[in-house]
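Student: I would like to learn how to read the features of a protein model. Could we go through them one at a time?

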Amino acid sequence: MHNFNNFKRFLGVLAVVASLLVIATIVFRMQQEVAPKLSVRKLPLQVDVSLHNFHYTETKQGIKHWELSATRADYNKAADISYLTGVRMVVHGAGGLGELVITADTGQYHNGTRDIALVGNVRGKSSKGYGFSTHRVNYVAARSMLQTTERVELTDIGSQLEGTGMEYYTQTRKFRLLKDVSAVYRQGGE
């Protein structure tokens, strides 16, 4: 009889230990099933909002004037400037002038004035075949004009112009090189 009571105690202790193991297993699994933490990258100082694949379209009276896109845009609210990387700007021309596509390494979009500074490896190419390249160009929204004080190279079929400083009116496609202008014309467009 004494052995039977010891066996009952042993079974009781075993049942308690088994119950504790089941509870411990349930608690352990519940802790592992907590939603994974999302890794949110800290923004650099003076950046309030950062966007990938930024795109903005400027319209006037329902007509698309230009589009601005970038692989990354960092907005600084205090300065009201968006700092852009991998910039592409498409200027739509009126009256069959076609598009002018401008690319640059970086840019700054001034939200208040809608002016844009494009910097680094700036290249423009029109749907009509002419193009330009320079280090820096500013788009002045109030005048629909690209301007620079840098050295500029303009190319068209059979001709090449170089000069320092440029004013380029995007809605009429008229341009003016400001100084130190040289031109090369190749007969037959070679």
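Tutor: Begin with a definition: two strands pair if DSSP finds at least two bridges between them. This is a predicted model, and in it Ser50 stands opposite Asp74 in β2.

Student: How many bridges join β1 to β2?

Tutor: Strands of a sheet pair through backbone hydrogen bonds, either parallel or antiparallel. Here β1 and β2 run antiparallel and are joined by 11 bridges.

Student: In what order do the strands form the sheet?

Tutor: The order is β1-β2-β3-β4-β5-β6-β7-β8-β9, an open sheet of 9 strands with antiparallel pairing. At the edges stand β1 and β9 (174-185), each with a single partner strand, so one side of each has no neighbour in the sheet. From one strand to the next, the twist averages 20 degrees.

Student: How many aromatic pairs does a search of the whole structure find?

Tutor: The search of the whole structure finds 5 aromatic pairs. In one of them, the ring centres of Tyr56 and Trp66 are 5.7 Å apart and the planes are at 45 degrees, so the pair is tilted. Tyr56 lies in strand β1 (residues 49-60) and Trp66 in strand β2 (residues 63-76), so this pair ties together parts that are 10 residues apart in sequence.

Student: Are Tyr56 and Trp66 buried or exposed?

Tutor: Buried means under 20% relative accessible area. Trp66, at 2%, counts as buried, whereas Tyr56 is partly exposed at 23%.

Student: What kind of pair do Phe132 and Tyr168 form?

Tutor: Phe132 and Tyr168 form a tilted pair, 6.1 Å centre to centre, with 40 degrees between the planes. Because Phe132 lies in strand β6 (residues 131-140) and Tyr168 in strand β8 (residues 159-169), the pair ties together parts that are 36 residues apart in sequence. Both Phe132 and Tyr168 are buried.

Student: Which residues do ring pairs link into a cluster?

Tutor: The cluster consists of Tyr56, Trp66, Tyr109 and Tyr139.

Student: What about the helix? Where is Ala15 placed?

Tutor: Ala15 is in helix α1 (residues 2-32), and with 43% relative accessibility it counts as partly exposed. From Ala15 to Lys60 there are 45 residues in sequence and 79 Å in space, C-alpha to C-alpha.

Student: Which residues form a nonpolar patch on the surface?

Tutor: Phe7, Phe10, Leu11 and Leu14 do, with about 400 Å² of accessible area together. Phe10 is found in helix α1.

Technical notes: Residues numbered from 1 in each chain as written. Predicted model: local features only at pLDDT ≥ 70, side-chain atom pairs only at ≥ 80, totals over all residues. Heavy atoms only, no water. Helix = DSSP H or I, 4+ residues; strand = E, 2+ residues; numbered from the N terminus. Buried < 20%, exposed > 50% of the residue type's maximum accessible area, 1.4 Å probe, protein only. Patch = residues over 30% accessible without salt bridge, like charges linked within 9 Å, V, L, I, M, F, W, Y side chains within 5 Å. Areas by Shrake-Rupley, 256 points an atom, 1.4 Å probe, with all protein chains shown as cover. Salt bridge = Lys/Arg side-chain N within 4 Å of Asp/Glu carboxyl O. Phe/Tyr/Trp six-rings, centres within 6.5 Å; stacked < 30°, edge-to-face > 60°. Axes fitted to C-alpha atoms, helices over the stretch in contact; angles between N-to-C directions.
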